[in-house]
Amino acid sequence: MGAKYRVLSLDGGGCWALIQAKALMAMYGKDTSGWEVLREFDLVSANSGGSIVLGCLVEDLPLSKILDLFMDPAQRGAIFSPTKMIFDKFLELLLGFGPKYSAEAKLSALRSVLPGQGDKTLTDAINGCLGQRGTGDPVRLLIVGFDYDRCAATFFRSATAGGPAYGTGAVSGVTLAEAIDASTNAPVNYFDDPAVLANGYRYWDGAITGCNNPVLVGVTEAVTTTKEFTEVVALSIGTGTVKLPWPQDGQQDSPYVAAPSKQGLVPDLKKLAGSILDDPPDMASFVAHVLTGSGANVPQPADSQIVRMSPMISPVWDAGANAWKAPGTMTEEAFTTLAQMPMDALKPEQVQAISDYADLWLQDVAPNQPIRMDGDTLKLELGQATYSAALAAWNAVK
């Protein structure tokens, strides 16, 4: 394989994005700086929580400091500051549903996290961080948002993308902190208002566009630069996803299998608000796989030019007991609690549980999310079943 155009894709997922910091630490070392990581890639696409990780990389923070941002209660509490709107508080108390966090307070918190680069445009913030090709071009940044008033996807870019066959994707004039503010503004059950930027435009979280996993938009953006899908490889790092097998005969009473969802106004609203984290984002990895050549001529042990790294909160099959069980030494209670944990997990015990599960994943005890699997049985069809296998695949294709 010749020189490849490398894409790093970072999913959204609130504080679950600490998983991305841990994955990068495992790959590069805890003291590695953000720019050292970015120089391994040509383009980085990010959404929501992943855009916070990207912002910290652009700020050139050590990876250990990025993890601290999510693990420290004061720092994560500043970004997820409680709403001051009385009606929203009443709604949450009455229905257990409704906005909980202040959109207005978030931008200033992001600026404090990014004192060096946060108030620069994306172009200026990344200027000088040259990508792995040594072309003299800075790493390209692509952050996803949803324009609240135009009801359309917005791509905050550090560099122009396009050509005769693609039209023009303009450079964004907003600051790095503003782009992240827009991308992280999950609506309805999370933040109380759209994010309002200095240009007067209002935004919701980029996951509304179906790009919570932004690997597909990252690969597409790369093609407008390289003009060849088969030249693009992508490392897609997720923030954890719950996948339970569908019950087969005799498994209906198992705590480790899926169950039909409850119906009703409030349950349906909660499901709708949370669905931005599910398909089509999970499907994005497979579509990107097909577009980049469907794995043709990819060196072993890889089977695709797309490598997915993300822990699955899933049981593992115990052949001896002929039953599903929690990974490793996890108890049934600990597994169930984690599987039911919300995206906006903020309590110390919740964040620690996410961190502990990430460690199980990095140790190959908890499963890795593949590119494709059987949704009923969780049988692997494409991709890697463990973190170490995914890392080996990335080293082979990059």
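Predicted model: local features only at pLDDT ≥ 70, side-chain atom pairs only at ≥ 80, totals over all residues.
1. How much of strand 2 is buried? For strand 2 (residues 43–47) the count is 5 of the 5 residues, so the strand is largely enclosed by the rest of the structure.

2. Now for the neighbours of strand 2. Strand 1 (residues 5–10) pairs with strand 2 in the parallel sense over 4 bridges, and Ser9 stands opposite Ser45 in strand 2. Strand 3 (residues 140–147) also runs parallel to strand 2, joined to it by 5 bridges. Here Val44 stands opposite Leu141 in strand 3.

3. On to the helices. Two packed helices are described by the angle between their axes and the distance between the axes. Helix 3 (residues 49–58) packs with helix 4 (residues 63–71) at an angle of about 140°, and their axes are 10 Å apart. That makes helix 3 oblique to helix 4. The crossing of the two helices is right-handed.

4. Which residues make the contact? Helix 3 contributes Gly49, Ile52, Val53, Cys56 and Leu57, and helix 4 contributes Leu63, Ile66, Leu69 and Phe70. By type, the residues of this contact of helix 3 with helix 4 are 8 nonpolar and 1 polar, with no charged ones.

Methods:
Residues numbered from 1 in each chain as written. Heavy atoms only, no water. Axes fitted to C-alpha atoms, helices over the stretch in contact; angles between N-to-C directions. Parallel < 35°, antiparallel > 145°, perpendicular 65-115°, else oblique. Left-handed = near helix turned anticlockwise from the far one by under 90°. Contact = heavy atoms within 4.5 Å. Nonpolar A, V, L, I, M, F, W, Y, C, P; charged D, E, K, R; others polar. Buried < 20%, exposed > 50% of the residue type's maximum accessible area, 1.4 Å probe, protein only. Pairing = 2+ DSSP bridges.
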